[in-house]
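Please examine the sequence and structure shown below alongside the text.

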Amino acid sequence: MTTNLQARPALSRFSPGLTGTVRVPGDKSISHRSLMFGSLASGVTRITGLLEGEDVLRTAEAMKTMGAAIEREGGTWVIRGTGNGCLLEPKEPLDFGNAGTGARLTMGLVGSYDMVTRFVGDASLSKRPMGRVLDPLRQMGVQVEEAAPGDRLPITLRGPKHAAPITYRVPMASAQVKSAVLLAGLNTPGITTVIEPVMTRDHTEKMLAGFGAEIEVEVDAEGARHIRLQGQGTLKGQEIAVPGDPSSAAFPLVAGLIAPDSDITIENVLMNPTRTGLILTLQEMGADIAIVNRRLAGGEEVADLRVRSSRLKGVEVPPERAPAMIDEYPVLAVAASFAEGETRMLGIEELRVKESDRLSAVADGLKANGVDCTEGEATLAVRGRPDGKGLGGGQVATHLDHRIAMSFLVLGLAAEKPVTVDDRSMIATSFPEFIPLMQRLGAEIE
Ligand code: S3P
């Protein structure tokens, strides 16, 4: 059982008429990578719109410990990087808190350095499988000097004198694993190749190219992506404007659909197609989401989303869509709780190894609030109640998982009875301003 000694519960109530215009914080995936690549680059990197959540701040601390100069000047984060291949051995363990992305990508980043690095994290992170990253790193010559059973944190890595470039076919749909191998390739002589049978978010590839790395992507006859990175090149400091996080926008988005008489606009949301599976699914369910003011910002497409209360109907979400909405299934399940008929989510086994076992955490939370659902090994079926009658009234165990907390607070905004979550504190890992932002739209959350 994952418990938090300073647990702070929160409660949300039926809140019709959500109205207003908001901006969600910067994208978490791009924020982690901006700090990492800026810290490795030669010269100065300036980042605006960085997500200042706990997960990302842990990455900033880790990069400082390894020699990067990172300062916040007004709203801009300014980094003077070490230069590629020039990170320093950290004198103390790197503590990634709750952050899987920070921990896994940094394991790749430091794995190919001839130094010793220890990784620690909170109770949630310490339960998550790290073998998926350690396996390819071992092939590159990295020694795992310490690991808890099942290749879990705390973990100590000792890098080789000279890492060996590998060709690695990623066995599960995971951008973190892809990225860890590519980042290890940055300090490895020769060409490191990652083969990705199912495309996942492509921020690492795009941003490394932007920083000047020699990286190319080719798609083979079977549709697999072959990503080739030339190691030991030079990265050059960049100006980065981080777009709004679609995984955070998902919460006010679904709230605006299910709370009656709502009309809200969420500005500046990243529209990278590897991240927009939730919008597509909600539109298939009949959601009124207008994607307006599409524009380019720093090499990525962004748009404003205008959302109005909608009558939703159940749909089947195909397994191949999972990578493009992997973090959005908990809040999709909440939307499905108010849809007419059944919503079936297929091929979602990766949810079991997120900040919590999200498949069972979602099913348990739905059942505690009167939602009819069935949990399978890799599937979830939810049968909704469009009028919200009889829903709510339950207490949700969040298991140190920010997205479980936010999803169920959204459920309470449209349910007949209030919903309580056992702990709001983890929300600060990805969306510190979630509760005040929702309150500004008219949500009753206390
Ligand atoms: C992320 C990849 C995904 C996602 C996580 C962020 C990234 O994890 O769930 O929130 O930034 O690369 P997996 O690689 O485990 O699917």
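## Location of the ligand

A molecule is said to sit in a pocket if more than half of its atoms lie within 2 Å of the grid points of that pocket. In this predicted model, the ligand sits in the largest pocket.

## Composition of the shell

The residues that surround the ligand are Ser29, Arg33, Thr101, Ala173, Ser174, Ala175, Gln176, Arg201, Ile326, Asp327 and Lys354. Sorted by class, this shell contains 4 charged, 4 polar and 3 nonpolar residues.

Two helices, α1 (28-40) and α5 (175-186), each contribute at least two residues to the shell. Both domains take part: domain 1 (10-26 + 243-445) and domain 2 (28-241) each provide at least three of the shell residues.

## Polar contacts and burial

The ligand taken alone exposes 390 Å², of which the protein buries 95%.

## Backbone geometry

Which peptide bond is cis, with omega near -5°? The bond in question runs from Leu153 to Pro154. Pro154 belongs to strand β9, which spans residues 152-158.

Asp261 has a phi value near 60°, which is positive although the residue is not glycine. Asp261 lies in the loop that connects α7 (246-258) with β15 (263-270).

Definitions and conventions:
Residues numbered from 1 in each chain as written. Predicted model: local features only at pLDDT ≥ 70, side-chain atom pairs only at ≥ 80, totals over all residues. Heavy atoms only, no water. Near = heavy atom within 4 Å. Areas by Shrake-Rupley, 256 points an atom, 1.4 Å probe, with all protein chains shown as cover. 1 Å grid on protein atoms, 1.4 Å probe; cavity = no way out; pocket = protein on both sides within 12 Å on 5 of 7 lines; lining within 4 Å. Helix = DSSP H or I, 4+ residues; strand = E, 2+ residues; numbered from the N terminus. Nonpolar A, V, L, I, M, F, W, Y, C, P; charged D, E, K, R; others polar. Domains from an automatic or database assignment.
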